[in-house]
Amino acid sequence: MDWTWYLFRFDGRIGRAGFWCSLILVFCGMILLLCLCLGIMNALGSEVRSFNLNADDVFRIVDPTAYRWALLDNLPLLLLKLAATALTLWISLAITVKRLHDRDKSAWWLLAYFMLPGLTKQFEDRLPDTYLMLPIALASFILSLAAVVETGFLRGTAGPNRFGPAPEARDDSAPSAKVWDQSREIEFVPPRASPPGGMHVKRGA
């Protein structure tokens with residue numbers, strides 16, 4: 001399996017199984033990055049009160065007030081967190097885009113599925129506290145739920161689509177699959193079969 005294509009490239013399609021396996025790998029990578037960052041900060045003698053990696057960090061990048069105090073307090077910690085967040089974001093987008101391609105949807109659907117709900121959550125404490133915000137909150141929840149169902153549970157389009165062949169066809173093109181297909185073509189002649197050409201063997205004489 002070509003994990004560099006799975007994790008870093010945006011072309012092609014992946015199925016549901018590949019999507020969930022990639023997410024598990026991303027989760028393990030986030031834990032590894034977290035431990036690495038904490039180890040670096042301890043080695044530098046910096047006091048680390050709290051450090052985490054999650055999807056909300058992506059939307060804090062566009063919020064100037066989110067990192068204002070961290071920038072003044074601990075610049076190395078902030079740079080490490082930004083680097084880890086950028087790597088995690090790239091991998092997550094690559095996986096999700098290929099899964100949307102499998103559903104015959106463009107990557108522009110990310111704006112509706114992830115950007116709008118994420119930005120709404122990031123700035124919810126600064127939005128007007130009125131009933132007019134209820135439709136926005138409801139739409140954000142529905143879009144988040146639709147994104148989970150769309151990318152994680154729905155079957156991809158049958159056969160090739162505008163983004164490439166089906167994930168099963170990509171797997172079947174491997175050399176091992178071709179050898180296996182050839183071995184299935186071997187036919188065994190039953191013992192009672194007649195000789196070729198309709199010839200008959202005389203008995204006795």
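Helices (H or I, at least four residues) and strands (E, at least two) are DSSP runs, numbered from the N terminus. This is a predicted model, in which local features need pLDDT of at least 70 and side-chain atom pairs count only at pLDDT 80 or more, while totals for chains, interfaces and linings use all residues. Residues are numbered from 1 along each chain as its sequence is written, and side-chain values use heavy atoms, with hydrogens and water left out.

**Whole chain**

Start with everything selected. The protein has nine helices and zero strands. Read from the N terminus, the order of elements is α-α-α-α-α-α-α-α-α. Now colour by accessibility. Buried means under 20% relative accessible area, exposed means over 50%, and partly exposed lies in between (1.4 Å probe, protein chains only). Of the 205 residues, 28% count as buried. Next, contacts, meaning heavy atoms within 4.5 Å. Take those in the protein between residues at least 6 apart in sequence: 74% of them join residues at least 24 apart.

**Stop 1: aspartate 104**

Select aspartate 104, in the loop between helix H5 (75–102) and H6. Check its backbone: phi is near 65°, a positive value in a residue other than glycine. Most residues other than glycine have a negative phi. Is aspartate 104 buried, exposed or partly exposed? Its relative accessible area is 30%, so aspartate 104 is partly exposed.

**Stop 2: proline 160**

From aspartate 104, go to proline 160. The two are 56 residues apart along the chain, and their C-alpha atoms are separated by 9.5 Å. Proline 160 sits in the loop between H7 and helix H8 (167–172). Proline 160 is exposed, because its relative accessible area is 67%. Leave aside neighbours within four places in sequence, and proline 160 is in contact with Arg13, Pro165 and Ala166.

**Stop 3: H6 against H7**

Select residues 109–122 for helix H6 and 134–152 for helix H7. Their axes come within 8 Å and cross at roughly 140°. Axes here are lines fitted to C-alpha atoms, for helices over the stretch in contact, and angles run from 0 to 180 degrees between N-to-C directions. That angle makes H6 oblique to H7. Angles under 35 degrees count as roughly parallel, over 145 as roughly antiparallel, 65 to 115 as roughly perpendicular, and the rest as oblique.

The crossing of H6 and H7 is left-handed. That is, the near helix is turned anticlockwise from the far one by less than a right angle; clockwise would be right-handed.

Now show side chains. H6 brings Ala112, Tyr113, Phe114, Leu116, Pro117 and Thr120 to the contact. H7 brings Ile136, Ser140, Leu143, Ser144, Ala146, Ala147 and Glu150. By class, the contact of H6 with H7 has nine nonpolar, three polar and one charged residues. Ala, Val, Leu, Ile, Met, Phe, Trp, Tyr, Cys and Pro count as nonpolar, Asp, Glu, Lys and Arg as charged, and the others, Gly among them, as polar.

Zoom in on serine 140, in helix H7. Serine 140 counts as buried, because its relative accessibility is 11%. Not counting residues up to four places away in sequence, serine 140 touches Pro117 and Thr120.

**Stop 4: along H5**

Select arginine 99, in helix H5. Buried or exposed? Arginine 99 is buried, with a relative accessible area of 0%.

At 48% relative accessible area, alanine 83 is partly exposed.

**Last stop: the cysteines**

Select cysteine 21 and cysteine 35. Cysteine 21 is partly exposed at 43% relative accessibility, and cysteine 35 is partly exposed at 49%. How many disulfides are there? A disulfide is a pair of cysteine sulfur atoms within 2.5 Å, and by this rule the count is zero.
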